[in-house]
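This report describes side-chain contacts and surface features in one protein chain. Please look at the sequence and the model before reading on.

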Amino acid sequence: MAKVTLINPNRMKPAVAPIALDYIAESLHAAGHEVGILDLCFSEDWAADVDAYFAADQPDLIGYTIRNTDDCYFASRDFFIPYHKEIIDRVKSRTDAPVMLGGAGLSVAPEAVLGFTGADYAIAGDGEWAIARLADVVAVPPPSTDGDGVARDLPGLVYREGGVIRSNPPAWMDLADLPIRSRRWLDNRRYFREGGQGNVETKRGCNQHCIYCADPAGKGTHLRLRPPEAVAGEIRNLLAQGVDVLHLCDSEFNLPLQHAKSVCRAFIESGLAGRWRWWGYLSPTPFDDELAGLLVRAGCAGVNFGTDSGDPTMLRRLGRQYGPDDIRETARLCRAHGLTFMCDLLL
């Protein structure tokens with residue numbers, strides 16, 4: 001058994017619960033490891049909190065999540081990686097445990113981020129199985145590992161070798177194999193109180209070819225679906241904590257269409273409808289009358305369509321598979337069912 005500390009450095013407000021750490025902690029616990037979380041989101045003095053944590057506890061491995069590399073906002077253009085390096089340097093000065101990076105932002109440019117921050121390792125792509133395996137190796141290094149005790153063949157591993165940063169292709173897991181998500185590892189109640197919404201995912205991956213999107217880099221290009229009843233069970237666990245407004249973390253909830261309908265039916269049949277409100281990202285297509293009706297019955301309060309543009313030429317250039325008539329028809333269906341919606345545009 002290894003002691004693993006997971007660190008959330010994201011202090012942006014309004015507060016958004018680091019769903020990845022909740023999921024990672026669940027997998028580590030299921031694999032028999034001891035899990036601690038250092039959550040800096042509400043910290044008034046992150047350096048003092050880092051010092052206090054490692055003065056009281058020394059783990060065998062540290063998992064550090066990087067949700068974003070920048071704020072994605074033209075007016076400020078705030079680059080976050082120097083901030084992460086500052087925290088990682090502080091952590092490494094307080095413990096000898098190796099620091100492993102992960103997260104959606106990390107997966108966009110894993111080699112560059114690892115090199116800049118000076119962390120020991122990174123995992124690109126899915127992290128649940130990989131960090132549990134790395135914790136196994138740290139706890140009891142097998143003969144097949146190198147001198148530093150790290151399995152070089154670990155999928156998604158980014159590491160240094162002879163002064164060169166190398167990386168292994170990620171492995172995309174079957175989401176049905178993940179343990180039940182209790183959502184008990186974070187203070188979700190406080191995040192909800194201060195941020196206004198919870199979060200949950202129903203699938204991972206994206207098979208679209210939009211020219212600007214980083215999701216395929218972090219989640220793969222194949223759609224991997226969670227069992228709808230498992231999603232409903234996770235939401236019940238959040239409801240028990242008082243979190244009754246959520247946003248789906250899926251890239252586009254209605255890809256594929258039948259999975260979206262199955263998830264909505266699971267929400268309805270499990271008795272969740274009426275107990276919570278939720279929002280989601282959707283593509284303008286595929287979208288039909290049945291889905292619009294199911295969304296309303298399942299408690300969906302509103303939809304954010306990643307429309308991008310209303311110009312057919314620009315949509316083709318962006319790699320989108322729909323046109324202006326599709327957008328109009330989807331808007332008509334939403335209005336017919338009284339479903340609130342908005343359309344994102346790229347400028």
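## Salt bridges

Arg94 and Asp51 form a salt bridge, with their closest N and O atoms 2.9 Å apart. The term salt bridge is used for a side-chain nitrogen of Lys or Arg within 4 Å of a carboxyl oxygen of Asp or Glu. Because Arg94 lies in helix H3 (residues 81–94) and Asp51 in helix H2 (residues 46–56), the pair ties together parts that are 43 residues apart in sequence. Helices (H or I, at least four residues) and strands (E, at least two) are DSSP runs, numbered from the N terminus. Arg94 counts as partly exposed, at 35% relative accessibility. Buried means under 20% relative accessible area, exposed means over 50%, and partly exposed lies in between (1.4 Å probe, protein chains only).

The model is predicted: local features need pLDDT of at least 70, side-chain atom pairs count only at pLDDT 80 or more, and totals for chains, interfaces and linings use all residues. Residues are numbered from 1 along each chain as its sequence is written, and side-chain values use heavy atoms, with hydrogens and water left out.

Side chains of opposite charge can pair when their charged atoms come close. In the whole structure, a search finds 24 salt bridges. The table gives three of them.

| Salt bridge | Closest N to O |
|---|---|
| Arg94 and Asp51 | 2.9 Å |
| Arg204 and Glu128 | 2.5 Å |

Arg204 and Glu128 form a salt bridge. Arg204 lies in strand S9 and Glu128 in helix H6 (residues 128–139), so the pair ties together parts that are 76 residues apart in sequence. Both of these residues, Arg204 and Glu128, are buried.

Glu201 is in the loop between strand S8 (198–200) and S9, and Arg181 is in the loop between strand S7 (164–167) and helix H7 (188–195); the pair links distant parts of the chain, 20 residues apart. Glu201 is buried, with a relative accessible area of 6%, and Arg181 is buried, with 5%. Salt bridges that share partners join several residues into one network, among them Arg181, Glu201, Glu128 and Arg204.

## Aromatic pairs

The whole structure has 9 aromatic pairs. Rings of Phe, Tyr and Trp (its six-membered ring) pair if their centres lie within 6.5 Å; planes under 30 degrees apart count as stacked, over 60 as edge-to-face and the rest as tilted. Phe267 and Trp278 form an edge-to-face pair, 5.8 Å centre to centre with 75° between the planes. Since Phe267 lies in helix H10 (residues 257–269) and Trp278 in strand S12 (residues 277–282), the pair ties together parts that are 11 residues apart in sequence. Both Phe267 and Trp278 are buried.

Another edge-to-face pair is Phe287 with Phe305, at 5.5 Å centre to centre and 80° between the planes. Phe287 is in the loop between S12 and helix H11 (289–297), and Phe305 is in strand S13 (residues 300–308), 18 residues apart. Phe287 counts as buried at 10% relative accessibility, as does Phe305 at 2%. Phe253, Phe267, Trp276 and Trp278 form one aromatic cluster.

## A residue at the surface

Is Ile211 buried or exposed? Ile211 is exposed, with a relative accessible area of 61%. Ile211 is found in the loop between strand S9 (203–204) and helix H8 (215–219).
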